[in-house]
Amino acid sequence: MSSRKTRALLGWAYLLPYATLFVLFVLVPIVVAAYLAVMQFDLTSPRSAGFVGFRNFVDAWKDEYLQRAFVVTAKFAAMMVPSLVVTAFALALGLNAMPRGRNTVRALVFLPTMFTVAVTGILWQWFYNLEFGLFNFILRNLGLAPVPWLSDKNIAMPSIVLMSLWWTSGGTAVILLAGLQNIPRMFHEAAALDGADGWRGFWSVTFPLLRPVVLFVVVTNLIGAFQFFPQAQLLTGGGPELATRGVVQYIYETAFNGYRLGYAAAMSWMLAAVVAVFGFLQFWLMRKEAS
Amino acid sequence: MKARWILVATMFAVGLLFVAPMVLMVLTSFKPEAEVLNPESAIPRHWTLQNYLDVLNWSEEAPFVRWLMNSVLVSSSVTFLVLVLSSLAAFGITRVRVPGGGAFFYVVVASMMVPGLLFLVPVYFILNSMRLLDTPAALILPAAGGGFGVFLLTQFMRSLPKAIEEAALIDGCSWLGVYYHVSLPLCAPAMATLGVLTFIGSWNDFVGPLVYLDSIQNYTLPVGIALYQASYYTEYGRTLATSAMATAPLLLIFAIFQKQIVESMSSTGLKD
């Protein structure tokens, strides 16, 4: 055996353990997802497995519950992403301007991102509790009426967004802060000489230089927001009146409560297609930015 | 000058606002049940360990200690597997330079673009046909197949000079010896970051155990405490004691590895 062949065999011996798991749990699932999407596959009655072509997609397109879930997911993204970017920007600018104690405060605002979503949900459900929650306790002491944080269908979603902001804005602030600190000092000094400081300096110097980082933050969070699920599962269970049941939760319920794997797989592809559009958008904007 | 100190004070107040929920969680977990529902004083009037003792006391419906052990088992296995398998793969790609290794790397990186939700149903289907549902392996094996570790270590090894490894080879060291004695120690900083991030991700995973586990005995902490909270939602003292115990290991990790964690987060936006 030639030494090149030996080296190839030897090299693949190093790759094999990982490659096995990669093929089994990353590549095969993508193929299985495609296979399931064109099948009627119900775990409860194994005999129902049969090729149905694009019928799952046609059914999903007409599914009123899926349309509602898409609206809910879009609503979450529309509330979450702008408020996250603004909050994180405010935190990052504040941190960046601190002459002292920056690392301590950075650690404090970052800390919530270390929490599992389950603990986050438990904590905030306690705060939001109608009768003995912390928020309504404060409101009552101020002489105000208690707010049905999670049981009113117009307030439940903003409540979920507020919890998500506490949970994730510190992490995003850290990313933006790194971007701010990456801007060479001379840009600020030149701007200050030209009389552009404060708010004007931010819009004419800082923000344009930070555009790639902001773009990254917006798109990754948009992609994340479209896969919105555990927060609602824990806080409201998707209620009241399905007002907070997003697409992923509907897919989850279809697959694991109703055991209709084929239909759930088809809906997964539809949501993945929407998410992929954001991914391509990011790729395209970044290339435009670079050139 | 004065404005700067107002800024520092404001930012500290904001920082305290972010940790306040956690402080309230810990303080309340030391309150007797009668005081929990009465939030007039954040600090317990009568400190008690009763909530912790109740939770640690074995019960069939909420075996907290069992969940804790499951979490430790799953998270350490995932971390160990990811570190070993990804470093071996990165070594094969960058040092042995196996034919097809570069192409394999691109496939791995491309797969990281696929949104996670797409894997939920098919991985369930595959685990079901392998009879692995409702076992720790259902959480460990798919997590070890993820591409992040290979991506991180391959990029890191590519940035290192190959001279030391080549010298070791010429001195008669075997490839495996080079991997173990030269490459691994050189990769220590990247391995530390990868290990910490993997452990945190696995410890906090909620959707995986929710979907792939079935029996209460097999739950990990996040799903266990969510279930506990759903069935005993009025006993906030105990629920918060479980939450505090589930979070404590992470706070310890954060205290030790703060620099790595924050830096890895910082660099995510800068590279591309």
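This is a predicted model: local features need pLDDT of at least 70, side-chain atom pairs count only at pLDDT 80 or more; totals for chains, interfaces and linings use all residues.
Student: How is a pair of packed helices described?

Tutor: Two packed helices are characterised by the distance between their axes and by the angle those axes form. In this model, helix 7 (residues 156-181) of chain A and helix 9 (residues 198-225) of chain A have axes that come within 9 Å and cross at roughly 145 degrees. The crossing of helix 7 of chain A with helix 9 of chain A is right-handed.

Student: Which residues make the contact?

Tutor: Helix 7 of chain A contributes Thr172(A), Ile175(A), Leu176(A), Gly179(A) and Leu180(A), while helix 9 of chain A contributes Thr206(A), Leu210(A), Val213(A) and Val217(A). By class, the residues of this contact are 6 nonpolar, 3 polar and no charged.

Student: How many residues does each chain bring to the contact of chain A with chain B?

Tutor: An interface is often sized by the accessible area lost when its parts come together. Counted in residues, the contact here takes 78 from chain A and 75 from chain B. On the side of chain A, helix 1 (residues 3-37) gives the most, with 21 residues. That side of chain A comprises 63 nonpolar, 12 polar and 3 charged residues.

Student: What does the architecture of chain B consist of?

Tutor: Chain B has 14 helices and 0 strands. Its C-alpha trace spans about 70 × 65 × 35 Å along the principal axes, and 44% of the 272 residues of chain B count as buried. Of the contacts in chain B between residues at least 6 apart in sequence, 72% join residues at least 24 apart.

How values were computed: Residues are numbered from 1 along each chain as its sequence is written. Chains are lettered from A and ligands numbered from 1 in the order in which they are written. Axes are lines fitted to C-alpha atoms, for helices over the stretch in contact, and angles run from 0 to 180 degrees between N-to-C directions. Helices (H or I, at least four residues) and strands (E, at least two) are DSSP runs, numbered from the N terminus. A crossing is left-handed if the near helix is turned anticlockwise from the far one by less than a right angle, and right-handed if clockwise. Two residues are in contact if their C-beta atoms, placed from the backbone, lie within 7 Å. Ala, Val, Leu, Ile, Met, Phe, Trp, Tyr, Cys and Pro count as nonpolar, Asp, Glu, Lys and Arg as charged, and the others, Gly among them, as polar. A residue is buried if 20 or more other C-beta atoms lie within 10 Å of its own, exposed if 12 or fewer, and partly exposed in between; C-beta atoms are placed from the backbone.
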